[in-house]
Amino acid sequence: EAFQSAAEKLGGERQELGDRSYRFVALPRVPLVVAYWIGDDDFPASAQVLFDASAGSYLTTDSFAILGSTIAHRLIAARSHPSEK
């Protein structure tokens, strides 16, 4: 629920992947999806940042790492401060 709330607060568009996932437009022409799996007794909870296949035409690998880190930090901050918008 915290992931869902944070993603929606940041303007994410719900997607059908994992237990919860949201699409963000990080840069013009560079969408990304953050997918979250809740986990269970056999597997821990996990999340992945997935980029559109076309992103390689616009960015370097290092840029992907920076964008992934940035969205992760923003989601954590949005979850940590539920009263702010």
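Against which elements do the buried residues of α1 pack? They pack against β2, β3 and α2, where buried means under 20% relative accessible area, exposed means over 50% and partly exposed lies in between, with a 1.4 Å probe and protein chains only. The model is predicted, so that local features need pLDDT of at least 70 and side-chain atom pairs count only at pLDDT 80 or more, while totals for chains, interfaces and linings use all residues. Residues are numbered from 1 along each chain as its sequence is written, and side-chain values use heavy atoms, with hydrogens and water left out. Helices (H or I, at least four residues) and strands (E, at least two) are DSSP runs, numbered from the N terminus.

**The sheet**

- Four strands form an open sheet in the order β1-β2-β3-β4, with antiparallel pairing; two strands are said to pair if DSSP finds at least two bridges between them.
- The edge strands, each of which pairs on one side only, are β1 (13–15) and β4 (46–51).
- From one strand to the next, the twist averages 30°, given that axes are lines fitted to C-alpha atoms, for helices over the stretch in contact, and that angles run from 0 to 180 degrees between N-to-C directions.
- Strands β1 and β2 pair in the antiparallel sense over three bridges, and Glu13 has Arg23 of β2 as its bridge partner.
- Strands β2 and β3 pair in the antiparallel sense over seven bridges; among the bridge partners in β3 are Tyr36 for Arg20 and Ala35 for Ser21.

- Arg29 is exposed, with a relative accessible area of 61%.
- Ala45 lies in the loop between β3 and β4 and counts as partly exposed at 43% relative accessibility.
- Leaving aside its neighbours within four places in sequence, Ala45 is in contact (heavy atoms within 4.5 Å) with Tyr36, Trp37, Ile38 and Gly39, whereas the C-alpha atoms of Ala45 and Leu10, 35 residues apart along the chain, are separated by 21 Å.

**The helices**

- Helix α1 lies across β2 and β3 and runs at about 30° to β2, while α2 packs on the sheet, touching β2, β3 and β4, with a direction that makes about 135° with that of β4.
- The buried residues of α1 are Phe3, Ala6 and Ala7; because they cover an arc of only 100° around the axis, they are on the same side of α1, the arc being that of the directions from the helix axis to the C-beta atoms.
- Helix α1 is followed by Gly11, whose phi is positive, near 85°.
- The two helices, α1 and α2, pack at an angle of about 110°, with their axes 8 Å apart.
- Helices α1 and α2 are therefore roughly perpendicular to each other, since angles of 65 to 115 degrees count as roughly perpendicular, those under 35 as roughly parallel, those over 145 as roughly antiparallel and the rest as oblique.
- On the α1 side, the contact between the helices is made by Ala2, Phe3, Ala6, Ala7 and Lys9, and on the α2 side by Leu75, Ala78 and Arg79.

**The nonpolar core**

- The largest nonpolar core has 10 residues in all, namely Phe3, Ala6, Ala7, Tyr22, Phe24, Leu32, Val34, Ile71, Leu75 and Ala78; such a core is a set of buried Ala, Val, Leu, Ile, Met, Phe, Trp, Tyr and Cys residues joined through side-chain atoms within 4.5 Å.
- At least two residues of this core are supplied by each of α1 (2–9), β2 (20–27), β3 (30–37) and α2 (61–80).
- Val34, found in strand β3, counts as buried at 4% relative accessibility.
- Leaving aside its neighbours within four places in sequence, Val34 has contacts that include Phe3, Tyr22, Phe24, Ile71 and Leu75.
- Val34 and Ser21 are 13 residues apart in sequence and 5.5 Å apart in space, C-alpha to C-alpha.
- Leaving aside its neighbours within four places in sequence, Tyr22 is in contact with residues including Phe3, Ala7, Leu32 and Val34.
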